[in-house]
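Trainee: I have a new model open on my screen. Can you walk me through it?

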Amino acid sequence: MQPAMINNIPIWIKNTFNPTFPGTIISSDGNGKDLIIKGISSISQMSLLSVQGTGLQGVVGVSMRLFAALARENVNVILISQASSEHSICFAVDSLSSARAKSSIEKEFMYEIRANEMDSVSVESGLAIVAIVGENMKHNPGTSGRMFHSLGKSGVNIYAIAQGSSELNISAVIKESDVAKALNVLHEAFFLSDKRVVNLFLVGTGLIGKELLKMIQSQYSQLSGSNLLEVNVVGIANSKKMFFDENGFELTSCVELMKSKGSDMKLSFFIEKMQQMNLSNSIFVDCTSSEDVTDRYESILDSNISIVTPNKKANSGSLEKYRNLKNISFKRGARFLYETNVGAGLPVINTLNDLLLSGDKVIRIEAVLSGTLNFIFSSYTEGKVFSEIVKKAKEIGYTEPDPRDDLNGMDVARKVLILARESGINFELSDINVKGLVPQDCLEAASVEDFFVRLASHDHEFESQRK
């Protein structure tokens, strides 16, 4: 490239596998002069070697000996980082050279290691280097902050950092498995800062899940145009099937596509696949009422994947689990949103949190906490049959998948518990007294269909109570 640069000749980079694509031009004509950075690059298959020890502090010539030893073995050093304390030096080399590099350093500093003035050389493999490059970085304070904030927010851990005094390049050593995610995150931070992309993994395609897909589809243009937000559903599953597409599904057909082309649903595999895809701005949406799913929330949040859920089982489990979910969410910077646990989507929990943050104290909460029971008792008038009203409530989507979760009072109890905990009261579910509506033989029914058969045999008892 040097002759072209010296003679100010533009260079076109073309793709031999895609000759119709226009490619990229490198020139000095001022295109992109307003951009803070001009490019993002990465180098894979790197190893990070660390040389450290208290005996290195203040000793002249350590760096010279270190890099002379590497040079004798023809080891090329890609990146160097040294702390101001002079206690440690780390550098990145090609993974194929890491064993030779370690051996040559330990041979050079053999006496220092024996005297415990220096530790044995540590080698960390499976790493890569990502870098942002651009002449305008030196005129824009906060560029490195923007880079590291965007990586940290997406859960990309940084092992070492290097920046030259020319401020033309900032490099960071990360896990090799995070490279694709890091490149996407940095591209979004510096070139697509006006537009955000979120990747959804949806479990549960029943009434709530299908309604959510309809809402995303109907709001897609509004979200993209006015809110500069692009929502991609990249993983979808129900109790039987699961399907993934990193490029995003067509929302009108994704459920049918999952049923026809999806593989057998295994929750552990679904979560592993979601974690392995390692997409930026990933959100796990749980539209089930399954406790098996909520048991995996800690692992999901720990992977820096946010969770949005109407499932009440997580926040109404043990107090220890509730606190742990909150702590992991805070620690990892992943969002854990469950507004629809209480109040059918009205901003009850957010309002409650805002009140407490502003120093208010909750004295009493009054609410109709079950739309199901409200519908049933409002509809249960003379001449109506109790079991038929419950059946109708289920058909129009007012009840849980199993209506016993509403009629036994546990749904209301869980909402009471969540509101209590959000108010700062350390309750367990066992602290709430519940009197259910469901007769014992109905609770023992093997299926929902069997439940309705047994419930009908108690219609005369409910009629007596109504009167």
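Mentor: We'll take the sheets, then some single residues, then the salt bridges.

Trainee: What kind of model is this, and how are residues numbered?

Mentor: This is a predicted model, where local features need pLDDT of at least 70 and side-chain atom pairs count only at pLDDT 80 or more, while totals for chains, interfaces and linings use all residues. Residues are numbered from 1 along each chain as its sequence is written, and side-chain values use heavy atoms, with hydrogens and water left out.

Trainee: Sheets, then. What is the order of the six strands in the open sheet?

Mentor: The order is E4-E5-E3-E6-E8-E7, with antiparallel pairing. Two strands pair if DSSP finds at least two bridges between them. Strands (E, at least two residues) and helices (H or I, at least four) are DSSP runs, numbered from the N terminus.

Trainee: Which strands stand at the edges?

Mentor: Strand E4 (77–82) and strand E7 (160–163) do. Each has a single partner strand, so one side of each is left without a neighbour in the sheet. The twist averages 30° from one strand to the next. Axes here are lines fitted to C-alpha atoms, for helices over the stretch in contact, and angles run from 0 to 180 degrees between N-to-C directions.

Trainee: What does E8 pair with?

Mentor: Strand E8 covers residues 169–175 and pairs with E7 in the antiparallel sense over four bridges. Ala-162 has Ser-171 in E8 as its bridge partner. E8 also pairs with E6, again antiparallel, over seven bridges. There, Val-133 stands opposite Asn-169 in E8.

Trainee: How many of E8's seven residues are buried?

Mentor: Five, so E8 is mostly covered. Buried means under 20% relative accessible area, exposed means over 50%, and partly exposed is in between (1.4 Å probe, protein chains only).

Trainee: Which helices lie across that strand?

Mentor: Helix H5 (residues 143–153) lies across strand E6 (122–133), E7 and E8, at about 15° to E8. Helix H6 (residues 179–190) lies across strand E3 (39–52), E6 and E8, at about 125° to E3. Contact means heavy atoms within 4.5 Å.

Trainee: What about the sheet of seven strands?

Mentor: That open sheet runs E12-E11-E10-E9-E13-E14-E15, with mixed pairing. Its edge strands are E12 (263–264) and E15 (336–337), each pairing on one side only. Strand E11 (residues 241–244) pairs with E12 in the antiparallel sense over two bridges. Met-242 stands opposite Ser-263 in E12.

Trainee: New topic. Which residues other than glycine have a positive phi?

Mentor: Among them are Asn-74, at about 55°, and Asn-304, near 65°. Most residues other than glycine have a negative phi.

Trainee: Where is Asn-74 found, and where is Asn-304?

Mentor: Asn-74 is in the loop between helix H2 (62–72) and E4. Asn-304 is in the loop between helix H11 (297–302) and strand E14 (306–308).

Trainee: Are they buried or exposed?

Mentor: Asn-74 counts as exposed, at 66% relative accessibility. Asn-304 is buried, with a relative accessible area of 15%.

Trainee: On to charges. How many salt bridges are there?

Mentor: The count comes to 15 salt bridges. The rule is a side-chain nitrogen of Lys or Arg within 4 Å of a carboxyl oxygen of Asp or Glu.

Trainee: What does Asp-264 form a salt bridge with?

Mentor: With Lys-241, the closest N and O atoms being 3.6 Å apart. Asp-264 lies in strand E12 and Lys-241 in strand E11, so the pair ties together parts 23 residues apart in sequence. Asp-264 counts as exposed at 52% relative accessibility, and Lys-241 as partly exposed at 26%.

Trainee: And Lys-312?

Mentor: Lys-312 forms a salt bridge with Asp-411, the closest N and O atoms being 3.1 Å apart. Lys-312 is in the loop between E14 and helix H12 (319–332), while Asp-411 is in helix H17 (residues 410–422), 99 residues apart. Lys-312 and Asp-411 are both buried.

Trainee: Which residues do shared partners join into one network?

Mentor: Arg-65, Arg-72, Glu-108 and Glu-112 are joined by salt bridges that share partners. Glu-112 lies in helix H4 (residues 110–114) and counts as buried at 18% relative accessibility.
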